[in-house]
Amino acid sequence: MVNVMLIQISFTWGSWNYRVDVEFEGDKYIRGNKSSPCWHCKQITRWISVLFEAPLCSTECTQAKWSEYAHALATSTQP
């Protein structure tokens with residue numbers, strides 16, 4: 001069974017309405033040799049997201065970063 005996540009973001013840019021769907025099969029993690037602050041919440045962790053190549057301590061923090069990524073993609077293209 002594959003764990004698929006779908007994040008939907010809706011926003012308005014000027015007179016344009018956007019909805020962005022980002023679907024992915026989750027993330028893989030490795031345990032690092034040293035502790036670092038989580039990229040999202042700053043809690044100390046040894047877990048590193050393979051896809052983001054950054055320390056992320058939980059699935060909630062990972063999902064928050066995917067939401068930020070989707071929003072950045074959506075807002076990087078102006079109408």
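**A hairpin and a buried alanine**

In the hairpin formed by β3 and β4, six residues lie between the strands, and K42 adopts a positive phi near 75°. The model is a predicted one, in which local features need pLDDT of at least 70, side-chain atom pairs count only at pLDDT 80 or more, and totals for chains, interfaces and linings use all residues. Residues are numbered from 1 along each chain as its sequence is written, and side-chain values use heavy atoms, leaving out hydrogens and water.

Strands β3 (residues 29-37) and β4 (residues 44-49) run antiparallel and are joined by five bridges; strands pair if DSSP finds at least two bridges between them. One example to look for is S36, whose bridge partner in β4 is T45.

The chain has 79 residues, of which 30% count as buried, where buried means under 20% relative accessible area, exposed over 50% and partly exposed in between (1.4 Å probe, protein chains only).

Strand β5 (residues 54-55) contains A54. Because its relative accessibility is 10%, A54 counts as buried. Leaving aside residues up to four places away in sequence, A54 touches W39, W47, I48 and S49, a contact being heavy atoms within 4.5 Å. The C-alpha atoms of A54 and Y29 are separated by 9.7 Å, with the two residues 25 apart along the chain.

Note on methods
Helices (H or I, at least four residues) and strands (E, at least two) are DSSP runs, numbered from the N terminus.
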